[in-house]
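Me: I am new to this structure. Please take me through one residue and its surroundings, then widen the view.

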Amino acid sequence: MRYPGYSYVDQTISELSAQGAPTRIFMMVLSGIPYTVLMLAFGVGVWRAARGRHAGRIAGALLAAEAVWGFVGGIVFPMATREIIAAGQDTLRNQLHAWYGLGMPIFFLLSVGFGSRLLGTRFRYFSYGIILVTLVSGLVMSMQTGAMTANEPTPWMGLEERVTAYAPILWIAILATGLLRSGAVGERGATPTIWSTLRQMLAGDPRS
């Protein structure tokens with residue numbers, strides 16, 4: 001709504017925070033900062049819930065690293081708008097956005113791979129499915145990169161990238177729910193979380 005002519009279906013997420021886009025500041029302040037803070041907190045939570053398992057701790061560290069990488073990279077290496085790229089007016093900073101952008105899915109896929117061991121066999125297979133969907137949608141999206149840089153129509157490119165971005169987010173939601181239900185978060189002896197405290201209150205535990 002704040003970017004006249006922008007197509008959710010045909011244009012990428014990065015174009016909303018591109019240098020020269022009318023939504024750049026809006027995206028950095030109301031999306032980038034909250035996402036980074038919450039993902040850092042979630043990474044710490046996964047690390048603690050891993051209970052000494054190396055795979056879980058690595059997954060938590062990678063999730064936190066993805067958040068920092070994405071936020072810092074978005075500031076230092078912003079994408080230029082399609083019009084600027086097609087006109088050859090983009091800078092080296094803009095051109096490096098493509099390389100920085102590869103880091104986020106790599107961090108995510110590694111997180112999913114290591115974190116797949118935290119909740120049993122079915123979750124592991126679900127994680128493998130998320131990895132496959134992310135890779136396939138990313139490959140399909142990459143086929144239109146040339147058209148985007150030439151400022152030509154890119155039908156469905158926006159949806160393809162959003163599948164690549166939202167599939168890992170779905171995995172994160174399932175992981176968070178599974179860890180809470182399994183009791184891995186807020187165990188006795190660990191620092192209480194809001195969820196463990198709420199469960200104690202509902203159970204009538206006087207310690208809450």
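Reply: Start with L63. Leaving aside neighbours within four places in sequence, L63 is in contact with M39, F42, G43, V46, F108, S111 and I172. Contact means heavy atoms within 4.5 Å.

This is a predicted model: local features need pLDDT of at least 70, side-chain atom pairs count only at pLDDT 80 or more, and totals for chains, interfaces and linings use all residues. Residues are numbered from 1 along each chain as its sequence is written, and side-chain values use heavy atoms, with hydrogens and water left out.

Now widen the view. The largest nonpolar core has 19 residues, and L63 is among those with the most contacts inside it, along with M39, F42, V46, W171, I172 and L175. A nonpolar core is a set of buried Ala, Val, Leu, Ile, Met, Phe, Trp, Tyr and Cys residues joined through side-chain atoms within 4.5 Å. Buried means under 20% relative accessible area, exposed over 50%, partly exposed in between (1.4 Å probe, protein chains only). Two or more residues each come from α1 (24-49), α2 (54-76), α5 (97-115), α6 (121-142) and α8 (157-182). Helices (H or I, at least four residues) and strands (E, at least two) are DSSP runs, numbered from the N terminus. The largest share, five residues, comes from α8. Another core lies apart from this one; it has twelve residues, including Y3, Y6, A18 and I85.

Last, the charged side chains. The structure holds one salt bridge, a side-chain nitrogen of Lys or Arg within 4 Å of a carboxyl oxygen of Asp or Glu. E15 and R82 form it, at 2.8 Å, N to O. E15 sits in the segment before α1 and R82 in helix α3 (residues 82-86), 67 residues apart. E15 is buried, at 2% relative accessible area. R82 is buried too, at 7%.
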